[in-house]
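Look at the fold before the details. Then follow the sheet, its helices and the aromatic rings in turn.

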Amino acid sequence: MKIIVVSQYFHPELTPRAFRTYELVRELCTQGHSVKLFLPHKEEFNSLSKIKGLDIILLGESIYKKTETETHTVGIPLKKKKGIRRFIPEKIKDIIRLYREFRIEYFYPIRNKNFIKLLSKEIERIESNYDRIISIALPIESHVGVAWGLCKNRKLRKNAISYADYGDPFSQRKHNRVAFYYFIVDWFIARVFTYITVPTEKAVDSYVCFKNKSKIKIIP
């Protein structure tokens, strides 16, 4: 089979989704399948080890290069002390910083729109002779980019079976809550993808409001 896999993490990164993506594509290639893997352009991916049958596409130009501001929470550090700010107690500054972080996470949780745009364009122009599409989240931008591209590439959407690999629903996360109207994102993804995959049986109930239960698969 010809398979498309989308992820934002990969070996040698040390994250669960990097392990999941790496082992998945390696096993698929070992079984003789042809895999096209879409990843964001990161410095870690500049010299990836080759796997027979795997074609890796890096999207963008170092859009994930870390800076001092990006490594500090969500990238909105307090500015240097000026004027009256010098007299503000550190605890008050911490409260202001936490409020800013919460406001951004709550109202603007989808921040990497460049990856969505690049990914959707790639999916849009792919030929329809692929059999499977597997999108791995978090972050949710992977699912959104694939879904948007499939809406434009109807032949691919019709011919390929697609899987949106989830953890918690984007709009119902217990940690880092988002504004209530973001349920439309999960709804949109569920409408476009053929199946939703979740890691545990308990997670199924969180998705039945978006997808028929028969289309929700458990992959431990």
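What follows goes from the overall model to single side chains.

This is a predicted model, in which local features need pLDDT of at least 70 and side-chain atom pairs count only at pLDDT 80 or more, while totals for chains, interfaces and linings use all residues. Residues are numbered from 1 along each chain as its sequence is written, and side-chain values use heavy atoms, leaving out hydrogens and water.

Start with confidence. The protein averages a pLDDT (the predictor's confidence in each residue, from 0 to 100) of 83. A score of at least 70 is reached by 85% of the residues. Strand S1 has the highest confidence, at 96. Helix H2 (residues 68-71) has the lowest, at a mean of 35. Over residues 63-76, pLDDT stays under 50. The model has 23 contacts (heavy atoms within 4.5 Å) for this stretch beyond four places in sequence. Where pLDDT is low, the predicted coordinates should not be read in detail.

Now the elements. The protein has seven helices and seven strands. Both are DSSP runs numbered from the N terminus: helices are H or I with at least four residues, strands are E with at least two. Their order from the N terminus is β-α-β-β-α-α-α-β-α-α-β-α-β-β. Of the contacts between residues at least 6 apart in sequence, 64% join residues at least 24 apart.

The seven strands form an open sheet in the order S3-S2-S1-S4-S5-S6-S7, with parallel pairing. Two strands pair if DSSP finds at least two bridges between them. Which strands stand at the edges? They are S3 (54-59) and S7 (216-218). Each has a single partner strand, so one side of each is left without a neighbour in the sheet. The twist averages 20 degrees from one strand to the next. Axes here are lines fitted to C-alpha atoms, for helices over the stretch in contact, and angles run from 0 to 180 degrees between N-to-C directions. S2 (residues 34-40) and S3 run parallel and are joined by six bridges. Phe38 has Ile57 as its bridge partner in S3.

Helices pack on this sheet. H1 (residues 16-30) touches S1 (2-6), S2, S3, S4 (132-136) and S5. The direction of H1 makes about 165 degrees with that of S4. H4 (residues 113-124) touches S1, S2 and S3, and its direction makes about 155 degrees with that of S2.

Next comes burial. Buried residues (under 20% relative accessible area; exposed is over 50%, partly exposed in between, with a 1.4 Å probe and protein chains only) make up 40% of the 220 residues. In H7, the buried residues are Val185, Asp186, Phe188, Ile189, Ala190 and Val192. Their cover includes H5 (141-152), H6 (154-159), S5 and S6 (195-198).

Finally, the rings. Rings of Phe, Tyr and Trp (its six-membered ring) pair if their centres lie within 6.5 Å; planes under 30 degrees apart count as stacked, over 60 as edge-to-face and the rest as tilted. The count comes to seven aromatic pairs. One of them is Phe170 with Tyr182, edge-to-face at 5.8 Å centre to centre and 90 degrees between the planes. Both residues lie in the loop between S5 (161-165) and H7 (183-192), twelve residues apart. Phe170 and Tyr182 are buried. Phe180 and Tyr181 also pair edge-to-face, at 5.4 Å and 70 degrees. Phe180 is exposed, with a relative accessible area of 66%, whereas Tyr181 is partly exposed at 36%. Phe170, Phe180, Tyr181 and Tyr182 form one aromatic cluster.
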